Amino acid sequence: MQKHSRRLKNWDKRYLWHPFTQMKEWVRQEPLVIDRAQGVYLIDTDGRRYIDGVSSLWVNVHGHKHPAIDAAIKKQMDKVSHSTLLGLANTPSVELSKELIAIAPRGLKKVFYSDNGSTSVEVALKMAYQYWQNTGQKNKRTLVHLQNSYHGDTLGSVSVGGIDLFHKVYRGLIFKTVTLKGRGWETVSDFERLLKKKSSSMAALVVEPLVQGAAGMLVYPRGVLKEFRRLCTKYNVFLIADEVATGFGRTGKMFACQHENVTPDFLCLAKGITGGYLPLAATLTTQKVYDGFVFNDRDQKKFFHGHTYTGNPLACAAALANLAVFKKERTLEKLAPKIKFLAQRLKMFYNLPSVVGIRQCGLMAGIELKSHFQDRGCVDVCQRLRDRGVILRPLGNVVVIMPPLAISVDELDALLKATYRVIKEYETK
Ligand SMILES: *Cc1c(COP(=O)(O)O)cnc(C)c1O
């Protein structure tokens with residue numbers, strides 16, 4: 001194994017290009033190669049175990065190798081692994097659409113599948129835009145988004161992105177949008193000001209409800225989302241809720257919108273939908289939007305969008321099993337004490353001089369370190385955490401804590417203790 005492990009590390013450096021990675025730095029280091037996993041632990045090719053502190057990039061829900069999800073995928077594999085939704089239907093994608101509508105905010109009636117978070121947003125943007133074209137309100141074309149927003153890496157989602165570091169270089173390729181000024185409640189007043197002048201040209205507002213994840217776990221004040229909903233309804237502009245990160249229990253409820261009793265016109269889902277097993281995404285919408293696409297075929301008003309692997313049966317089977325585990329293991333009910341424990345333990349981090357902010361919503365948290373940590377410090381902290389058996393991935397100067405919902409209080413405790421110690425050691429070095 002050891003020899004093979006060494007070989008894999010060399011092949012990785014020779015053949016692989018990693019996402020969001022400066023490869024010059026990557027090839028200077030030993031890559032950590034994950035070979036197996038169990039529960040909340042990842043196991044590398046040298047047999048070392050690590051707590052998966054960011055849910056394998058915010059996707060894992062019920063732990064790795066969950067028997068029920070494993071079994072569901074295997075069972076589906078014995079039937080069919082892929083069949084298209086263009087001109088055909090398939091069993092698991094039909095069943096899943098019914099289940100998703102059952103748990104979604106009331107009023108969402110239709111499910112459109114794709115295969116990642118970015119495309120779930122692209123679909124919503126295109127549907128919103130085309131709805132107004134189809135229904136004779138051709139001026140309603142502008143998309144509005146928040147500062148610091150992140151909706152994915154395809155060009156449409158980048159167009160509604162507001163994180164300069166990721167998005168600036170592509171400015172020349174993207175379409176024009178309107179960015180709301182300020183943060184929190186300020187954005188609401190800016191939106192209202194804009195609506196009063198220009199709502200007749202606006203197609204949709206896209207938001208990450210409650211938490212802007214990629215911006216560094218920025219938590220929005222309660223009530224803002226509800227107010228966005230009220231204004232969108234009043235001025236006849238669609239509300240797109242990107243719950244790619246917040247969906248499937250991360251905030252303590254199944255969907256973040258449910259904290260404020262909000263039904264968006266579009267709900268974008270991905271990451272946690274399959275429990276972190278397979279790529280799958282869904283854009284849910286209302287009967288009204290759907291009806292805006294129902295015409296005679298010669299009118300050419302159908303929705304011109306579809307990915308090859310749309311509604312993949314294996315991924316849908318995993319998603320169905322994931323939803324069944326939510327019920328069977330009462331995942332959401334068991335979450336409350338973990339969220340409380342996390343909140344208590346996070347307070348302790350204020351004892352550390354380099355910690356300047358702590359943000360939490362449900363089981364999503366960010367520990368903000370002094371700004372000079374942005375360059376190297378935060379990466380170093382996460383690197384050192386590996387020696388203590390924890391995998392975290394920072395965002396700028398923010399240490400992100402986002403474990404699988406299935407993590408136990410003891411495992412959460414171990415994760416936080418290790419993080420605390422490593423930041424403390426780093427400060428005093
Ligand atoms: C991760 C993320 C996306 C993009 O999802 P991908 O599957 O990486 O394309 C979009 N929106 C939000 C809020 C996300 O966190």
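## First stop: a buried aspartate

Select aspartate 413, which counts as buried at 14% relative accessibility. Buried here means under 20% relative accessible area, exposed means over 50%, and partly exposed is in between, with a 1.4 Å probe and protein chains only. Before you go on, know that this is a predicted model, where local features need pLDDT of at least 70 and side-chain atom pairs count only at pLDDT 80 or more, while totals for chains, interfaces and linings use all residues. Residues are numbered from 1 along each chain as its sequence is written, and side-chain values use heavy atoms, with hydrogens and water left out.

(A salt bridge is a side-chain nitrogen of Lys or Arg within 4 Å of a carboxyl oxygen of Asp or Glu.) The pair links distant parts of the chain, 68 residues apart: arginine 345 sits in helix 13 (residues 331-347) and aspartate 413 in helix 15 (residues 409-428). Helices (H or I, at least four residues) and strands (E, at least two) are DSSP runs, numbered from the N terminus. Arginine 345 itself is partly exposed, at a relative accessible area of 23%.

Pick glutamate 25 and arginine 376 next; their side chains meet in a salt bridge at 3.0 Å, N to O. Glutamate 25 lies in helix 2 (residues 23-26) and arginine 376 in the loop between strand 14 (364-369) and helix 14 (377-387), so this pair ties together parts that are 351 residues apart in sequence. Is glutamate 25 buried or partly exposed? Glutamate 25 is partly exposed, with a relative accessible area of 36%, and arginine 376 also counts as partly exposed, at 33%.

For another pair, select aspartate 35 and arginine 36, whose side chains meet in a salt bridge of 3.3 Å, N to O. Aspartate 35 is partly exposed at 39% relative accessibility; arginine 36 is partly exposed too, with a relative accessible area of 44%.

## Over to the ligand

Click on the ligand and show what surrounds it: Trp58, Asn116, Gly117, Ser118, Tyr150, His151, Gly152, Glu208, Asp242, Val244, Ala245 and Lys271. To be near it, a residue needs one of its heavy atoms within 4 Å. By class, this shell has 4 nonpolar, 5 polar and 3 charged residues. (Ala, Val, Leu, Ile, Met, Phe, Trp, Tyr, Cys and Pro count as nonpolar, Asp, Glu, Lys and Arg as charged, and the others, Gly among them, as polar.)

Zoom in on three of them:

- Asparagine 116 has a polar side-chain atom 3.2 Å from an oxygen atom of the ligand.
- Glycine 117 places a backbone N or O atom 2.8 Å from an oxygen atom of the ligand.
- Aspartate 242 has a polar side-chain atom 2.7 Å from a nitrogen atom of the ligand.

Taken alone, the ligand exposes 380 Å², and the protein buries 83% of that. These areas come from the Shrake-Rupley method with a 1.4 Å probe; for residues, only the protein chains shown count as cover.

Serine 120 is in helix 6 (residues 117-134) and counts as buried at 0% relative accessibility. Leaving out residues up to four places away in sequence, serine 120 touches Ser114, Val244, Cys268, Leu269, Ala281, Ala282 and Thr283. Contact means heavy atoms within 4.5 Å.

Jump to serine 93 in helix 5 (residues 91-103). Serine 93 is buried, with a relative accessible area of 3%. Not counting residues up to four places away in sequence, serine 93 touches Leu85, Tyr113, Gly311 and Cys316.

Last, select serine 354, in the loop between helix 13 and strand 13 (355-361). Serine 354 counts as buried at 4% relative accessibility. With residues up to four places away in sequence not counted, serine 354 touches Glu368, Leu369, Lys370, Phe373, Ile423 and Glu427.

Notes
Polar contact = N/O pair within 3.5 Å; in protein donor to acceptor, adjacent residues only side chain to side chain.
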